[in-house]
Every structure is written in structure tokens, then in C-alpha cells.
Amino acid sequence: MGCDRNCGLIAGAVIGAVLAVLGGILMPVGDMLVAKTIKKEVVLEEGTIAYKNWVKTGTEVYRQFWIFDVQNPQEVVVNSSNIKVKQRGPYTYRVRFLAKENITQDPEDNTVSFVQPNAAIFEPSLSVGTENDTFTVLNLAVAAAPHIYQNAFVQVVLNSLIKKSKSSMFQTRTLKELLWGYTDPFLSLVPYPISTTVGVFFPYNNTADGVYKVFNGKDNISNVAIIDTYKGKRSIYAVFESEVDLKGIPVYRFILPAKAFASPVQNPDNHCFCTEKIISNNCTSYGVLDVGKCKGGKPVYISLPHFLHASPDISEPIEGLSPNEEEHRTYLDVEPITGFTLQFAKRLQVNILVKPAKKIEALKGLKKNYIVPILWLNETGTIGDEKAEMFRSKVTGKIKLLGLVEIVLLSVGVVMFVAFMISYCACRSK
């Protein structure tokens, strides 16, 4: 009888040990099998689920615009006063709904290149007004003219054309004109062939954005869909901030750091964005990047909305700004197992540099330089509820279930082994 009892206790301890060992073995082996299964489907190559959803995204991407409506144009022109602005928006468009084109795989560095066709559809239900709403904004052509043509004689000629067209430092334009283009009356009088259409995003529809070059994930699943280069140049970077729960899916949130817009003194990587020594206070100003080289020499600067993280000298001439970290920062939420970006918010502001110009009457009254905010945008995309459910069931759900099984086996096995061994030792001592 005692032998049967002892044998039963030993058998129980052995079963517990086996369960514990099985749970321990499942941890690396199970994780490896799950990783192998996931990797097979998330690599960006034909035939995978990821590739199908990547070529033409099912997630709706919206681009919201807030326009800086100038409240005191005449005071600025005459007295070189601070520019008072009032933000109006959002005006929302649906974008990035067309399939990617010219997709080319590069097996040597495990990347895939493509271009993204541009198209924008206005969404009235997500907007505060219509595309015909009007704003008082900087005259883009007049502001850029003396920057592009610095010869005094040429500026005299341009001044006569500006006066003849009755153009000024500021103008009134509809939302549609400002964003997508309008025929400028001043440029229409220029006696040699130039483009007379002006717009912050002109041309846009029926064009393509790129070339993008992203990692396909074949060598490193954590890099899948991450941009390597854009138009042949290294892309801007983000840094890890925190873990976030997105519709029941654990994700890592990465943010665009203030250092990305730092001065070359603070961040030497930004030295190529400092081209105006006077404007930048000998390259010590921060918070804006000169992208004029990418815009045909036009004095275009980008920043975070409302000059978030910008030096005081940049924002002081502009009244009506309210920078807010939560509302104006850029972030993306990445699922760490697959490397997929499941949510993002890209927020940027477009600004134009305006300088005094003695030969151009519309600008000769200025006594200081302005980096004038035109608009800021928020491009957002979030995984839909249906796809989030599919993601939870096929990826995170299976991983959680496997983890639960591992923990249960290990816990039950350890408890059984310890309990039966204690019982066995107690019986032996009696």
C-alpha cells in the first residue's frame, strides 16, 4: 500500500516535471515557430498577405489642413508690424488611396522601391467649410521673386510687373487655389516662358510621390516597410517614446524628436539646411529647415506646427501661435512583432521666408525678415476595426494564447512537482 502511494507521488512529480519542461521548451520553440509563420506572411513580396495590403492600403488616410489667415496685412506692409494670424480648419482630404506603382525588388539589400500616385478627394463632412472658403495669405509669387532674382535691374523690372498686376505682399485666395494652384496675375505678365501657376502643393493630382525605397523584411522582420531612402536621400528619423495599446494591440510609439529640427550647432546633421546665415543668426536658430533646394530655389521652410520647438527669434514676429506638444507632434505606432505601422500622424508646417526688398515696392516697407506660416497639415491613418480584429486573431491572439499555454504548463508543472515531492518526502519520513 505504501509502495503504491509512494509510486503515485513519484509519478505525479515526474508528470509535473515533464509539464514544466514542456512549458520551458515551448517558450523558445513556440516563439520560433510563430516568428517563422509571421515572417512568411509579413515580408513585402508577391504572394504574402502583407504585400497585398501594402500595394493598395485598405486603411483610409486623411490629410487635414489648417490655414493661417492673416488679420493685419496692411499694418505689416506699411509699418512692418508683427504678423497676426488666426488658424482656420480643419479642411480634410482623403489621400494615398491609389495603388503603388513601379514596384521593384532589390534582392541585394532586401529593399523594394516604388512611387505613390498622388490624388486628393475633399471630404466636406470632415471639414469646417468648403474649398471655396477664402483666406488672406502671403502672396507666394511676390514673396519669392526677390529671393530667386537678386539682380537689382531684374528686380526693377519685376516691380513694374507687380504694380501693373496690382499684386501686393498679401492676397486673398480660396482654399482650393492656395493648395492646388491658381494662375498668378504677376507671373502672367512676365515676358518670357515660365510657369504661371502657383500653389503650395501644385502640381499634385495626376503626379507621383517618390521614389521611395523601403526594407522588404526578408533579412530582418523588424525593418519591414521602414523607409530607407526617399528620392535617393536618407529619410528623417524617429525615436522610441513609449508602449501604447491600440485597439487591443500592443504597439511601440515613435516620435519625431526636437533634435530633427535643431540648429547645426546642436545637430551637425542639419548643416545642409542652414543656407541663410543672417536669417539663421549664423546657424544658431532652430525649429525650421530650409528646403528651398528641393523647391527650385523658392524660400520654403518646414517646421512643426505653430513653430513647436523653434527658437524665439523664429516665432516672435508672428502673433496668434499656440504650440502644443500633444496636438502638433509627429508620431507613428509600430507593432513590434511584424514591424507594421498601424497608426501614424505626420504633422508639418509650410512657411515662406520674406525679406525686405528696396527695389520692390510691395516689400520695401519691411524692416525685418519674416518666416511666414502659410498652413500646417496633419496626415493620419489608423488601422480599421475589421483589420484590427483580423490582426488580433492572426498575430497577437495566437501569441497571447501560446504565452498563456507556456505559463500554465510551466506553473502547473512546477506546482505539481514541488507538491508531490514534498508529499513523497513527508511520507518517507513517517
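Predicted model: local features only at pLDDT ≥ 70, side-chain atom pairs only at ≥ 80, totals over all residues.
Residues are numbered from 1 along each chain as its sequence is written, and side-chain values use heavy atoms, with hydrogens and water left out.

- Strand E13 (residues 239–246) and strand E14 (residues 249–255) run antiparallel and are joined by 7 bridges.
- For strands, "pair" has a set meaning here: DSSP has to find at least two bridges between them.
- Strands (E, at least two residues) and helices (H or I, at least four) are DSSP runs, numbered from the N terminus.
- E13 and E14 make a hairpin with 2 residues between them, and Lys 247 in the turn has a positive phi of about 55°.

**The open sheet**

- Five strands, in the order E3-E4-E10-E11-E12, form an open sheet with antiparallel pairing.
- At the edges stand E3 (101–106) and E12 (233–234), each with a single partner strand, so one side of each has no neighbour in the sheet.
- Inside this group, E10 (residues 208–215) and E11 (residues 227–230) run antiparallel, joined by 3 bridges.
- If you want a spot to look at, find Lys 213, which stands opposite Thr 229 in E11.

**Strand E2 and its partners**

- E2 (residues 83–95) pairs with E1 (residues 61–70) in the antiparallel sense, over 9 bridges.
- Phe 65 stands opposite Tyr 91 in E2.
- E2 also runs parallel to E17 (residues 318–319), and 2 bridges join them.
- Here Lys 84 stands opposite Glu 319 in E17.
- With E5 (residues 120–122), E2 pairs in the antiparallel sense over 3 bridges.
- Arg 94 has Ile 121 in E5 as its bridge partner.

- Ile 148, Tyr 149 and Tyr 192 make a nonpolar surface patch of about 260 Å².
- Patch residues have over 30% relative accessible area and no salt bridge; like charges are joined within 9 Å, and nonpolar side chains (Val, Leu, Ile, Met, Phe, Trp, Tyr) within 5 Å.
- A salt bridge is a side-chain nitrogen of Lys or Arg within 4 Å of a carboxyl oxygen of Asp or Glu.
- Accessible areas come from the Shrake-Rupley method with a 1.4 Å probe, and for residues only the protein chains shown count as cover.
- Ile 148 lies in helix H4 (residues 140–148).
- Ile 148 is partly exposed, with a relative accessible area of 38%; buried means under 20%, exposed over 50%, and partly exposed is in between.

Terms used:
Buried < 20%, exposed > 50% of the residue type's maximum accessible area, 1.4 Å probe, protein only.
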